[in-house]
Amino acid sequence: MASTALSMLLSISLLFVLSAAQSGQLTVDYYKKSCPRFGDIMNQMITAKQTESPTTAAGVLRIFFHDCMVDGCDASTLVASNAFNRAERDADINLSLPGDAFDLVTRAKTTLELECPGVVSCTDILAVAARNLVKMVGGPYYEVLLGRKDGLVSQASHVAGNIALPNMTITELIKQFEAKGFSVQEMVALVGAHTIGFSHCREFSKRIFHFSKDSPIDPTMNPSLAKGLQILCANYTKDATMAAFNDVITPGKFDNMYYKNLQRGLGLLATDQAMVEDPRTKPFVELYAANETAFFHDFAKAMEKVSMYKIKTGSQGEVRDRCDQFNQINTDTIKY
């Protein structure tokens with residue numbers, strides 16, 4: 001009788017373990033046994049790349065957002081187009097995603113494949129890289145649960161309507177974020193990622209060249225900044241790569257200067273500057289401008305939430321051999 005009870009108990013325990021594995025439960029130490037050097041390798045790759053190219057942090061963070069906001073965090077933005085499919089990466093708004101960020105993921109994936117083949121997903125690499133780089137340039141540390149799978153779909157047609165555009169109204173921004181389960185405060189905290197990185201001149205050209213019949217310059221922009229940007233972006237129609245730092249005071253440091261800049265009219269994008277005027281967002285801009293600790297806390301919590309948005313686990317995805325292509329191409333279901 002005791003033997004039968006013990007057998008049943010062991011069977012139940014085994015079923016529980018198998019169920020947990022199949023459901024793809026995420027943990028912070030998911031690769032502890034399957035790829036023990038995962039953390040060390042990621043740190044080495046990230047440090048080397050950020051040192052080599054200081055704009056990598058902003059680039060990776062941007063790709064991470066663009067990936068998660070379209071069909072969830074599944075590394076679908078890393079996939080390259082092929083003869084059968086125009087991938088997310090080639091959607092108009094993604095064409096300016098920086099090559100250094102893709103390069104970091106490629107380097108990390110290549111090294112990890114040599115260390116532990118077929119184990120570490122590209123989406124986990126991207127999530128950890130974004131977190132570590134935020135911390136490396138002065139921002140907060142937050143937990144990243146691991147064990148996600150890479151998505152099986154990446155289509156450019158899925159991008160429109162899911163990523164914020166520089167000409168959106170605050171109401172449109174709020175609706176876009178709320179549709180994904182994020183509050184106004186979480187939205188304002190996440191937009192604080194603009195404290196690092198840059199924007200291309202075409203994204204704010206209307207504010208400095210063609211604002212209205214009465215004035216070429218947006219009156220909410222600091223006049224000195226506007227004049228400087230007019231000089232910097234004079235040939236933006238001929239050179240699409242021309243850009244300016246989002247944070248003109250401390251562009252390479254993750255801090256709350258971005259919010260202080262908005263209060264001084266030093267925001268580049270119209271959507272960003274509008275946040276200091278709209279009564280729904282203004283209180284949070286003021287809070288984060290005055291209290292960097294509050295910003296870091298709320299940004300970290302919001303990033304933890306973003307990193308779990310519509311993740312793929314178990315049979316919902318795969319661990320890609322290469323981050324820029326699916327392991328198998330199904331020509332019957334993929335559309336161009």
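1. Contact here means heavy atoms within 4.5 Å, and helices are DSSP runs of H or I with at least four residues, numbered from the N terminus. This is a predicted model, where local features need pLDDT of at least 70 and side-chain atom pairs count only at pLDDT 80 or more, while totals for chains, interfaces and linings use all residues. Residues are numbered from 1 along each chain as its sequence is written, and side-chain values use heavy atoms, with hydrogens and water left out.

2. On to H13. Helix H13 (residues 292–306) has its end C-alpha atoms 20 Å apart, in agreement with the 21 Å its 15 residues should span at 1.5 Å a residue (that is, 1.5 Å times one less than the number of residues). At its start, a side-chain oxygen of Asn291 comes to within 3.1 Å of the backbone nitrogen of Thr293.

3. Its buried residues (under 20% relative accessible area, 1.4 Å probe, protein chains only) include Phe295, Phe296, Asp298, Phe299 and Met303. Among the elements covering the buried residues of H13 are H3 (56–69), H5 (122–136) and H12 (282–290).

4. Then there's the H4/H5 pair. The axes, lines fitted to C-alpha atoms over the stretch in contact, come within 10 Å and cross at roughly 120°. The contact involves Leu104, Val105, Ala108, Lys109 and Leu112 of H4, and Cys122, Ile125, Leu126, Ala129 and Leu133 of H5.

5. Two backbone spots to look at. Most residues other than glycine have a negative phi. Asp71, in the loop between H3 and H4, has a positive phi of about 65°. Lys310, in the segment after H13, has a positive phi of about 50°.

Key: Helices (H or I, at least four residues) and strands (E, at least two) are DSSP runs, numbered from the N terminus. Buried means under 20% relative accessible area, exposed over 50%, partly exposed in between (1.4 Å probe, protein chains only). A polar contact is a pair of N or O atoms within 3.5 Å; within protein, one must be able to donate a hydrogen and the other to accept it, and residues adjacent in sequence count only if both atoms are side-chain atoms. Axes are lines fitted to C-alpha atoms, for helices over the stretch in contact, and angles run from 0 to 180 degrees between N-to-C directions.
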